[in-house]
Amino acid sequence: MRQNVQVSAKPTATPGNESHAWLDHLPLASAMLDGRGRVTATNASFRALFAHARSLHGMTVSALLAPDDRVAFQAMLVAALTTTGEPRKLEFPVPLLDGTRRWVIACAAPVSLRTDAGGPALLLQLTDITDLKDREADLVERESRWNNALVGSASGVWDLRLDTGAMYYSDVWRAIRGLAPDEPPPDAEEWLDLLHPDDRERVLHAIERQNAGDPAYMTFDYRERHKLGHWMWIECRGACVEWNAAGQPVRIIGTDTDITGRKASEEALNRMSRRLKLALDVSRIGVFEADFATGIADWDAGMRTIFGLDGDSDVRIGGEWEEMLHPEDAERVMKKVEHHVENLLPFSDEYRVVLADGTTRYIRSRTLPFIDSDGHRKMVGANWDVTADLALHKELERAKTLAEARNRDLEKAKERIEHIALHDHLTDLPNRRYLDELLEQLSRDDRQNGGGLAILHIDLDRFKQINDTLGHSAGDAMLRHAARILRENVREGDFVARIGGDEFVFVARFDGKRHQLSALADRLINELRKPVAYEGQDCRFGASIGIACDAKGRTDPRQLLLNADIALYHAKNSGRGRYAYFSLDRSDRMKDSRRLADEILRGLERDEFLPYYQFQFDANTLDVVGAETLARWRHPERGILTPGTFLTAAEEIGAVADIDGLILEKALADLKRWKAQGVNVPKISVNVSSRRLHDPALKHKLNALTFEAGTVSFELLESIFLDENDESAMENLRHLRKLGIELEIDDFGTGHASIVSLLRLSPKTLKIDRELVQKVADSRARRNLVGSIIDIGRSLGIRVVAEGVETAGHVRVLRSLGCDVLQGYGLAVPMPFEETIGFLDRQEWRRTKIAS
């Protein structure tokens, strides 16, 4: 601002003020400065402000200021001089001698007066704003304290103006919800979608009442979905801070606090309380707390039930409970309570009380004395009624006495039961369980020093025939006889057991002398083969023995038993009535056999078995009259295998019938394929095992197949079927004829069949074994034998097939003898279905030497 001042008199005060007396009339601290910022005149207020300066006249004002403010002050003066008529202002502190400072606002403006030197003049006026600055600082401090308190309490601030709809949200408010400080908050609709469905209606009502200024709704809580997707609990606190002229709220300010943790703690506490209440209810425990300062005990419902008190009136210490104590227990119980309460020691007790109805109850208690925060001596405890428990205890004591009286009988019964569990009921020898326990114990013992062991696995020969023909009583008598012989040969320390059926195991010490084991085995075999008299007749059976031994104690006893089992297998396969020692070679052969058996079963699962066909020809015309179906195994590693490599193993595991059935099904399918392609194969013949012929389900399986009568024949081995057929097999044979399945006797001439057997079976075809056909062209005797078989077949109306036809001489002689059908490698080798079509189309057999 500009000042137009007229000086009428010279001041007589401070030097330099003679012509500036008017300054004393200014309300503000004022000073005249020359163009270089030096003081030329001052008023009293200015001098009071800078009273610490010795002399102001001629001094630059900037020298009186803090160093950091001097440059800015000089710049203000320069600007005031160079800008026409425009005052300049600056805010800065004035340091005082006592270390304090006064805040001023400086205003500098040029004036029309000239300095004594004739240069420009400036009027500097200072306004003291120290009180204002102090109030500002106090306000900032209070605002900072409030903000820090809110941040520290993790409360987010919100501010809503109802008149304008303006909203403010603090950074903490955003952070609670997972929002960044600069991330916009959700609008009203988005926020409503974030509310838990169960809380939404309640929250809207609470907000409405809060906005209306209802104090009952200053605080409410609800669930809101966090940005990361989980639910969080929010506690909202808000209140109206401004109203319009009509008394209506226009501004609501509040805080949101994340109370998810608190809610979880509350729920955990509630859950614990429910569990505790349930535990107390189930256990029927009563809980109390006694305050000795007030003389009142707080009993819960459980306590009142135990002691038979009704209502909820206070229980006085020294009153109801003490009066119910049994006279014989009262003094002891009270002394114990006093001692432990006085010394704050936890204690347990058991005592009697007499209820109002006169009944006596036994109570057990656990009590903890303590001093609370108010200095009151208290004790808290639990009581439970053990009357029934004690009665039960007495009953148990009585039962215990009775049980002890019977203990000797039970011990004897136990010993008998243990003996029965470990011994065979028929022979009273140890059983398989006893043997297993013995082998287990031996396997744990150190047998490295003098621990040689031998195991003999004994199997009775022809025992089944005695059991089947003379009955189980005879079989039992033979088993008892065998057990007696084995017992008589047991040395001290040896062990013999019956492990099932007609099998026994002999465990003996072994010092490396095999001749002693051999002598023992011979002795047992000789004794067991002697006839045994039973109900007027002699019964004869024998024994086969497998022996495994280990003189150095290096082989596990359980493995020795397995080895003896392998040796027994070889003894029986070698003719029975003998013994055999285990060897690794025999073990390997048995392992190979078992591996082959596993591969056969796997081959059945994987459909690796298939039919090969060897065609049969009319002896005179060489036309195809049929085909024999032969089983082959397409082994995944060894290629095509013939039955000679797998039939024995298949018979041992009972898989021959399954292979026969599978080959028959595939052969019938191929028969239909031949017919569909216009190839004439009148019939097929398949081999049938003894097991399959005796299969009760054979009829059902055949009924499920589709074929024309006369197109299928079953080949039965003479050596098996003509002498071993029984009623079940004959029933199956009769059913075969009903289905139109013809019967053929295979390998005829090598067995011991009779004409009667042929008549009973009524086969359609006889097949002369290849062994007889091989020398038919060179041997008169062989020709006569083959001719006789052909004559027998013709006389019985049975067609005759010659197998093994390989030369032209075979064909010539067999034709001359009247053989009906020829089959052999000289005419056709066995082949898979895929090769049969071309073979039949080309009629390759007619171009062979033996067909010409």
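Reader: In which sense do β25 and strand β27 pair?
Author: This is a predicted model. Strand β27 covers residues 684-687. Over 3 bridges, β25 and β27 pair in a sense that is parallel.

Reader: Which residue in β27 stands opposite T629?
Author: β25 spans residues 624-635, and its pairing with β27 is parallel. In β27, the residue opposite T629 is V686.

Reader: How many bridges link strand β24 and β25?
Author: Strand β24 runs over residues 609-618. Its pairing with β25 is antiparallel. The number of bridges is 9.

Reader: What is the bridge partner of L610 in β25?
Author: β24 and β25 pair in the antiparallel sense. In β25, the bridge partner of L610 is R632.

Reader: Which residue takes a positive phi in the hairpin of β24 and β25?
Author: This hairpin has 5 residues between the strands. A positive phi near 60° is taken by L622.

Reader: How many residues lie between β25 and β26 in their hairpin?
Author: Strand β26 covers residues 639-641. β25 and β26 pair in the antiparallel sense over 3 bridges. W633 stands opposite L641 in β26. The number of residues between β25 and β26 in the hairpin is 3.

Reader: How many residues of strand β25 are buried?
Author: Strand β25 has 12 residues and is mostly covered. The buried number is 10.

Reader: Why does L560 count as buried?
Author: L560 has its place in helix α16, residues 557-573. Buried means under 20% relative accessible area. L560 counts as buried because its relative accessibility is 2%.

Reader: How far apart in space are L560 and L453, C-alpha to C-alpha?
Author: L560 touches L453, along with I455, A548, C549, D550 and T555, not counting residues up to four places away in sequence. L560 and L453 are 107 residues apart in sequence. In space, their C-alpha to C-alpha distance is 8.6 Å.

Methods. Residues numbered from 1 in each chain as written. Predicted model: local features only at pLDDT ≥ 70, side-chain atom pairs only at ≥ 80, totals over all residues. Heavy atoms only, no water. Buried < 20%, exposed > 50% of the residue type's maximum accessible area, 1.4 Å probe, protein only. Helix = DSSP H or I, 4+ residues; strand = E, 2+ residues; numbered from the N terminus. Pairing = 2+ DSSP bridges. Contact = heavy atoms within 4.5 Å.
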